[in-house]
Amino acid sequence: MQRTKKPILGLAFTLIATLITPPTQAAPNQIKLPPETAKLLESTLPGYTLATQQCLICHSADYINYQAPDMTQEQWTNEVFKMQNSYGAKFSEQEARSIGAYLAVAYGNAKATDASVVSASTPKPKPSAENSNAIINVQLLFDSNGCLACHAINKKLVGPSLQEIATRYKGDAKAKSKLATSIQKGSSGKWGQIPMPAMTDLNIEQANALASFVLQQ
Amino acid sequence: MTDKYNKVHTSRRQFLRNAGALALAASPLNAIAANDTSEGITFADGPRPLVRYPGKRELILVHTRPPHLETPSSVFNEGVITPNDAFFVRYHLANFPTSIDPETYRLTVKGAVKTPLSLSLAELKSSMQQVEVVAVNQCSGNSRGYSSPRVFGAQLGNGAMGNARWVGVPLKTLLEKAGILSGARQVTFNGLDKPVIPSTPDFRKALDIEHALSPEPIVAWSMNGEDLPFLNGYPLKLIVPGYFGTYWVKHLSEIEVIDHLYEGHDAHFMTKAYRVPDNDCMCVAPGTKADKTRPISTLPVRSFITSVKANDVLPVNRTVKLRGIAFDDGSGIKTVDVSMDSGQTWRSATLGNDLGRFSFREWQLAISFKNKGSAVLLVRASNRQGEIQPLKADWNPSGYRRHAIESTPITIA
C-alpha cells in the first residue's frame, strides 16, 4: 500500500506547490541609470579637493556646473553653509569657507587672487603629510580625507564597503597598487555609476597604506 | 533596462568647441538653434546636453544624480497630453531603488487610524473604486532660471511641467478604509527615495487633513494608460491636482496620519524648503529675504505659446495660426489673450477641448502681421477666480511659482 501511496502524495504536493505559486509573476521593474560624467572645474585652490570629496557624495557635479554665472563669494559660501546646515554635509566651518571660495572662483565672479579668497583658502594642516618617514596613521588618513562618508567597513554606502573591495581583490597580486592608484587618481565604472574622486593630497606611501588597510578587511 | 538608454549626447558646448575649428561658412548655427537646450538662460558651464534616461526620450539634462530632466518646449506643441517618455523628472535624494518588485510592493497607511493598512498593488487596484483625473504636474521651481536677480537652485527653463491622465484611488477612500481617529491634523507621505547620508533629511511631504479628505488627491498607478514610468514614481505616486509637484510624492510607500503639524528632521521639505513669503503676492523686493514664510501650495495661472519659438521668422500679410496652452490651480481657465504690440491691445484666443479643470487647456488664435521687422508676442491667461497673469514677474528668494506673462520675440519677413 505504501508503495502505491507515494506517487499520489508526490502528485498532491506538486499540485499544492502549483497552486501557491502565482501563475504569472511579474518581473521586478529595473532600470540602469546613465554613467556620471560631469566633473567640477579643476583648480589649484584647496577648496577644489574638498568640493570633490564632499559635494559629490550626495549629488553630481552638474548641480554646481549649471548654476548661474556671476554669483559672489558670499553667495557661494552661503550656499555651502546651506548644504551643511540644512542637508547635513559633514565639513567644518573653515572647510565650508574654503569650498565657497573655490566655487566662487571657478563658477562665480571671484578671482583666485582676491584677498577674501586667499584668506578663506588656507589649506587644512595634514598631520601625516609632512614627513614620509613618520609612521602613517591610517585611521587619521581615513578621517581627514572624507573616506568614511562614502565607505563603511561592512556595508555599501555611496561606494562599496571595504570588505567588498577586499573580497573582489583577494588573490590579485597587484591588488595593492591597483587600489592605491584608484585612491590617488580616482576611479569609475568598477562598482557602479558613481565615480570615486581623486584623493590628490595623498602621496604614494599614504595611498599604499590605505590600500593595505582596505585589503585586510 | 538596457544600455541603449545610457547614451549621453555631445553637449552643445562641445559641439561649439568642435565647430569653432571649422569655417563659419559651414554655418552650424541653424543646427544649434534647432537643438537649443538653454532656452534663453545662461549657465556657468554653458548650455546643457540632451540625454536619455530609462523609459525616456531625449530630454534636457538638468542634473545627473539624483536625476533631474526637463521636457523640451517642442513637446508641448505635440498635444495637450504630455507623453510619458517626455515627462520631466525630478528627484531630491540620490539613494532610491533602481529595481522595484510589484509583487512585494506594499503601501502602508498608519498613525492616527483605527486599522493600519498594508496593501499590495493588486489589493489597491482591485478593492477600491478607481478614479481618473487629467492634471498638470508643475515643479515649484519651473522657470527659475529666469529669476532676476538670479537665485541658486535647479536652473530650469519652462520644461519642468507636464499634463497627464492619472488613474488611481482617492486618498480619501484609503484614509476612510483605515479610519481616521479624532484629533488628526495632517497626513504625511513618504516614498522609497532616501538620503545618501543619514544627516540629510528624508523627502517627506504633508497635507492638511481637510485637503487629504477632499475628493481631489489620489494615489495613482497609471499615467496616460500605462504603468507610471519608473523615474516618475513607479509603481505609486501621490497626485495632488492643482498643487505644485513637490507634493506629488514618487514611489509612494507610507501614508501616516498625525495629530500635530508635521515637524522634525524629516519634515525639512515642509518646514524649511519649498516655502514662499507669507504674504498675498508670495513675493519680496528682489534680492531681499522674507520675514515669514509658509509652504508653497497651488499653481498660479499661466499660459504659453507652443507653436512659435523665440526668434522664429513668421510671414507678413499671411494668416498664422497661433496655438498654446493655459492652466491654473483648478479654478478653471476663463480667457487667453494675445498681444502683438507689447501689451497695448489684446485679442481673445479660442479655448479648445476641456479635459477637466486641472488639465492644460488648449487655445488657438489666427493672426496676421501687417509690417515686416521685429515683433514680440505676449500671451496672458485669466481664471474664473479673477486671477490674471501680471506683465512683470515678481520675485522670491527660491525662484518659485514664476507666472508672469510670457513674451516671444519674433521676426516678420
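A: Gladly, and please keep in mind that this is a predicted model.

Q: What is phi at B:Tyr274?

A: Phi of B:Tyr274 is near 55°, which is a positive value in a residue other than glycine. As background, most residues other than glycine have a negative phi.

Q: And is B:Tyr274 buried or exposed?

A: B:Tyr274 counts as buried, because its relative accessibility is 7%, and the cut-off for buried is under 20%.

Q: Staying with the backbone, where are the cis peptide bonds in chain B?

A: One cis peptide bond joins B:Ser148 and B:Pro149, with omega about 0°, and another joins B:Tyr234 and B:Pro235, again with omega about 0°. B:Pro149 belongs to the loop between strand 8 (131-138) and strand 9 (161-170) of chain B, whereas B:Pro235 belongs to the loop between strand 13 (226-227) and strand 14 (237-239) of chain B.

Q: Changing topic, how many cavities of 30 Å³ or more are there?

A: A search of the whole structure finds two. The largest cavity holds about 180 Å³ of space, and of the 18 residues lining it, those closest to its centre are B:Phe88, B:Arg90, B:Asn137, B:Gly245 and B:Lys250. By class, the lining of the largest cavity consists of nine nonpolar, six polar and three charged residues.

Q: What about the second largest cavity, which residues line it?

A: The second largest cavity has a volume of about 50 Å³, and its lining is made up of B:Phe76, B:Asn77, B:Gly79, B:Val80, B:Thr306, B:Arg323, B:Gly324, B:Ile325 and B:Glu362. Strand 20 (residues 320-327) of chain B gives the most to this lining, with three residues. The classes in the lining of the second largest cavity are three nonpolar, four polar and two charged.

Q: Where does B:Glu406 lie, and what is it in contact with?

A: B:Glu406 lies in strand 26 (residues 406-412) of chain B, and it counts as buried because its relative accessible area is 15%. If neighbours within four places in sequence are left aside, B:Glu406 is in contact with B:Asn158, B:Arg302, B:Ser303, B:Phe304, B:Leu377, B:Leu378 and B:Val379.

Q: Now chain A, how many helices and strands does it have?

A: Chain A has ten helices and one strand, which follow the pattern α-β-α-α-α-α-α-α-α-α-α along the sequence. Of its 217 residues, 42% are buried.

Q: At what angle do helix 2 and helix 5 of chain A pack?

A: Helix 2 (residues 46-54) and helix 5 (residues 93-106) of chain A pack at about 105°, with their axes 8 Å apart, and that angle makes helix 2 of chain A roughly perpendicular to helix 5 of chain A. At the contact, A:Pro46, A:Gly47, A:Tyr48, A:Leu50, A:Ala51 and A:Gln54 in helix 2 meet A:Glu95, A:Ser98, A:Ile99 and A:Tyr102 in helix 5. The residues of this contact divide into six nonpolar, three polar and one charged.

Methods
Residues are numbered from 1 along each chain as its sequence is written. Chains are lettered from A and ligands numbered from 1 in the order in which they are written. This is a predicted model: local features need pLDDT of at least 70, side-chain atom pairs count only at pLDDT 80 or more; totals for chains, interfaces and linings use all residues. Side-chain values use heavy atoms; hydrogens and water are left out. Axes are lines fitted to C-alpha atoms, for helices over the stretch in contact, and angles run from 0 to 180 degrees between N-to-C directions. Helices (H or I, at least four residues) and strands (E, at least two) are DSSP runs, numbered from the N terminus. Angles under 35 degrees count as roughly parallel, over 145 as roughly antiparallel, 65 to 115 as roughly perpendicular and the rest as oblique. Contact means heavy atoms within 4.5 Å. Ala, Val, Leu, Ile, Met, Phe, Trp, Tyr, Cys and Pro count as nonpolar, Asp, Glu, Lys and Arg as charged, and the others, Gly among them, as polar. On a 1 Å grid over the protein atoms alone, a cavity is a set of points where a 1.4 Å probe fits but cannot get out, and a pocket is an open set with protein on both sides within 12 Å along at least five of seven lines; lining residues have an atom within 4 Å of a point. Grid points are joined across faces, edges and corners, and a volume is the space filled by probe spheres set on the points. Buried means under 20% relative accessible area, exposed over 50%, partly exposed in between (1.4 Å probe, protein chains only).
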